Amino acid sequence: MYLDISVTTEEYRKYQAQNSSPVEEEYLESIKNIYSTVKKKGKNLQEKVFICKWRS
């Protein structure tokens, strides 16, 4: 029996969402926190660069 790859991928994602371990959940939460921190620091850096250019 042949299954379409998109159907198989969708089924795997459903399975994965229902069966993630506490370690996987913690890992994903860590990645989200790191991304959030980097995004905030990047925004602050862009503001500082803008202020420095404006003062010049």
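This is a predicted model: local features need pLDDT of at least 70, side-chain atom pairs count only at pLDDT 80 or more; totals for chains, interfaces and linings use all residues.
Let me begin with the overall picture. The protein chain has 56 residues, and buried residues make up 0% of them. Its accessible surface comes to about 5,900 Å². Carbon and sulfur atoms account for 60% of that area. As for secondary structure, the chain holds 2 helices and 0 strands.

Now to helix α1, which covers residues 5–18. Which residue forms a salt bridge with lysine 14? The partner is glutamate 11, and the closest N and O atoms are 4.0 Å apart. For reference, the cut-off here is a side-chain nitrogen within 4 Å of a carboxyl oxygen. Both residues sit in helix α1, 3 residues apart, which is about one turn of the helix. In general, side chains of opposite charge can pair when their charged atoms come close. By the rule used, the count comes to 1 salt bridge.

Next, helix α2, residues 22–55. Isoleucine 31 is found in this helix. With a relative accessible area of 39%, isoleucine 31 is partly exposed. Patch members need over 30% relative accessible area, so isoleucine 31 clears that cut-off at 39%. What does it form with Tyr27 and Leu28? The three make a nonpolar patch on the surface, and together they have about 310 Å² of accessible area.

That is the end of the tour.

Key:
Residues are numbered from 1 along each chain as its sequence is written. Side-chain values use heavy atoms; hydrogens and water are left out. Patches are made of residues with over 30% relative accessible area and no salt bridge: like charges are joined within 9 Å, nonpolar side chains (Val, Leu, Ile, Met, Phe, Trp, Tyr) within 5 Å. Accessible areas come from the Shrake-Rupley method with a 1.4 Å probe; for residues, only the protein chains shown count as cover. Helices (H or I, at least four residues) and strands (E, at least two) are DSSP runs, numbered from the N terminus. Buried means under 20% relative accessible area, exposed over 50%, partly exposed in between (1.4 Å probe, protein chains only).
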